[in-house]
Amino acid sequence: MNNNACVCVSMVTRTLWRFLFSAISMSRKLTKAQKAKRLQEEEERRLREEEEARLQAEKEEQERLERERKEKELERLELKDLERREDELKELRHLLENNHTAVIKWTTDAEEKAQWERYTQCGGIPDPAVQKDVNTYISLWRDDLEVNIAPVLQQCNLALQLIEELEGLLRDVTDPQEGQKYQEGLVQLVELIHSKHLLTTEEILKGASADIDMETGNMQTVVKDDNITLCLWANLKNNPRFKGLNFEEAGLGFKLPKQLAVSDVAVRILHTRYDHLSLLARMAHLTIHTPSHRSLAGGEEDPADIDVPEQGETEGEGEVKEDSETQQQSLDAEVQSIQGFDGSESATSIQSRRSSLQSEEGRGSQIQTQMEALDSEGVLTSPRVQPTMMDNGERVQVVDLMQYTTLGGVFYYDAFHLPPQARQVNGWEIRQLLHNGLQVFTYPIEKSNLEENEALTCPPVGVSVTLPDSVVFLETPQVARWDAAGKQWRMDGITDVSYEEAEATISLNMNSFHAFVLMQDTYANFPFQSWELRPLGQDSALFTINGALIDLSITIQANQCMLQSERERGLSHLIGKWMSGPVLQRAMLNAGINIFVNEYTDKYASTCGKDPLTEHAAYEQMALFASACAFSWSKWNAKCDVAHLVMQVCEHHSPAPVPKGSWSLYLLGAQRSLKLEITEKSEAFSPEHYPGSEFHSTFIHTLQDDMSTEGIARTRVSNYLFVDTVQSLLCATRPLMYS
């Protein structure tokens, strides 16, 4: 390497060293500045952390002190509640017992008075509790040869009253033998009414030729009373172009295929505004058991099922044996005279009663003699029936009578062979007499009855009805037909159902002639959207329920109730009418308005799943204070646990609506009740009690803490009938469970 090259390398090296030395010097200067800054930041962070730690410690100390204060306060409140618990429970029990005793006495006196009035009036209806009188009544009426429609319908109306009274006895019966008596009398009356309808129908049809419509050449007539509408048509013309007929005054009509238009047939549409067929269906497999007995404090004894003993083990066995031969003869006569609901029903039921008599010879009774426990609606209930399969593999759609309710009565759609008509010969009237009664016209027509060259095609028969004006259909009506052999309602075999809501009519086709009903979901109005019970004055309150499909209110005055609703169609016969609670309940159910709960409701409607004893105790105490306090639904009731209830309450003396902002929330439990700190608008549920409030062992004493002297005084003079009516209505609807 030459000298010039060495000089260049030396100069570059010195330049690099100078650069590195300068960079190191600058680096040292920046590090000192940053270090000072970091020290300052660390000091500030240390001070901040110390402050945060101090504040956290102070907060934790405050929370600890607050917890200790609350624990001491809770301990004090619990101790205070425990000290007065016995006195509060004793006072509540005293109030409930006094009301209960007064109600029992009033009920007993009313029943005795009613029995005396019945005895003195001699209205022609036997005492349903006296089997001998009922049997005598049935025997005399069965032997009565009257067939004219007007007097027969009068007798039928008396029998309907007797059936209603027997149903009432069955609702309360606990003795299986008594239940068997009432049920057998009821079944005999149902069959006898049906047989009388057949006899009057036959009598009218015998004279069909004397009442010919000049326009059509056939006979048509309509007979109506308070309980039935009978439409009859006799085919005297055999016009193949005949399609059907509308009974305009009855709102009923039918359509026939050609095979029937050219046959000697009579068509009957009998609309009964009552439904005995569903009663027979429910009585197919029933059980009697004792009703549950709730204690005054809300306790409940477990119901005990009672099996019907063998009749050979019952008292009065010899008496039954003495009458067995007479009853057997009566049953044999009934087999011949009563054709049943489609020609086979009566034979089935009569055979059941015959089997009951045979049980006296050592065999078990074959008749279904046990009644199932009544639900709170006062209606017999039956086990849920699952769809089965027909022999030909076709599915049978059996109606579950716990899920569906029949409305508006039963429409019996029948075809009969036209009885021989009288002929005038030389001034004499000649009539062929038949001893086998009115004969059912079998349809579809059996193949053996057809001509050899005629095809076996039997189109369906049609029928149309106007919806009864005494019922409300909250949804599109369902249609079911009666299966007499199985004693059940079925939905198969019905086609071309057409519902015209504006005209309130429904038309359908069936594969044959059947009795049919209109029905809807029993629990269509569940669950409730909200509810409120507020006083209107002393011994007066307004109970409002906003249901899933309809809103309504019930005004309570002493032991009377009055329904109110913006929807009047189908309810005009109920709205504004005062009646007792049980009567109103049955009337509402019959009208299609169900807000009442039975033992199966939770299977078909969503619930809050609350403890029933706590719930019942709440209704008892709400009723005691219903003259002075308003109670209302709370959204938090569904948020708290199943052992507690939440509702809004406030003292209220005016008939006007409760002012907004007046409500307070209360938590009810089996052992303790308290006022809550949260409101209906709070973001989350909290069981914390309202500051300054106290715990109580009863709901009414919790309410009294915030009530005026006047309000407390009003509760102490509440009429026992008013308290009982409110409590019964709350227990029947159970708004705390189904809203």
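A salt bridge is counted where a side-chain nitrogen of Lys or Arg lies within 4 Å of a carboxyl oxygen of Asp or Glu. In this predicted model, 22 salt bridges meet that rule.

In helix α1 (residues 3-121), E43 and R46 are three residues apart, separated by about one helical turn, and they form a salt bridge with closest N and O atoms 2.3 Å apart. R46 also pairs with E50 in a salt bridge of 2.6 Å, N to O; these two residues are four places apart in helix α1, again about one turn. E43 is partly exposed, at 36% relative accessible area, as are R46 at 35% and E50 at 44%. A network of salt bridges links K80, R84, E88 and E694.

A further salt bridge joins D706 and K675 (3.1 Å, N to O). D706 lies in the loop between α11 and α12 and K675 in strand β25, so the pair ties together parts 31 residues apart in sequence. D706 is partly exposed, with a relative accessible area of 44%, whereas K675 is buried at 12%.

H701, in helix α11 (residues 699-704), is buried, with a relative accessible area of 6%. Its side chain makes polar contacts with the side chains of E91 at 2.7 Å and T698 at 2.4 Å. H701 also touches E88 and H696, among others.

The largest nonpolar core contains 62 residues, and I554, M588, M622, F631 and F699 have the most contacts inside it. Helix α13 (residues 720-733) supplies the largest share, six residues. Residues touched by F631 include W531, L533, M622, W663 and F699. A second, separate core of 54 residues includes C156, L170, L401 and A515.

Methods:
Residues numbered from 1 in each chain as written. Predicted model: local features only at pLDDT ≥ 70, side-chain atom pairs only at ≥ 80, totals over all residues. Heavy atoms only, no water. Core = buried A, V, L, I, M, F, W, Y, C linked by side-chain atoms within 4.5 Å. Buried < 20%, exposed > 50% of the residue type's maximum accessible area, 1.4 Å probe, protein only. Contact = heavy atoms within 4.5 Å. Polar contact = N/O pair within 3.5 Å; in protein donor to acceptor, adjacent residues only side chain to side chain.
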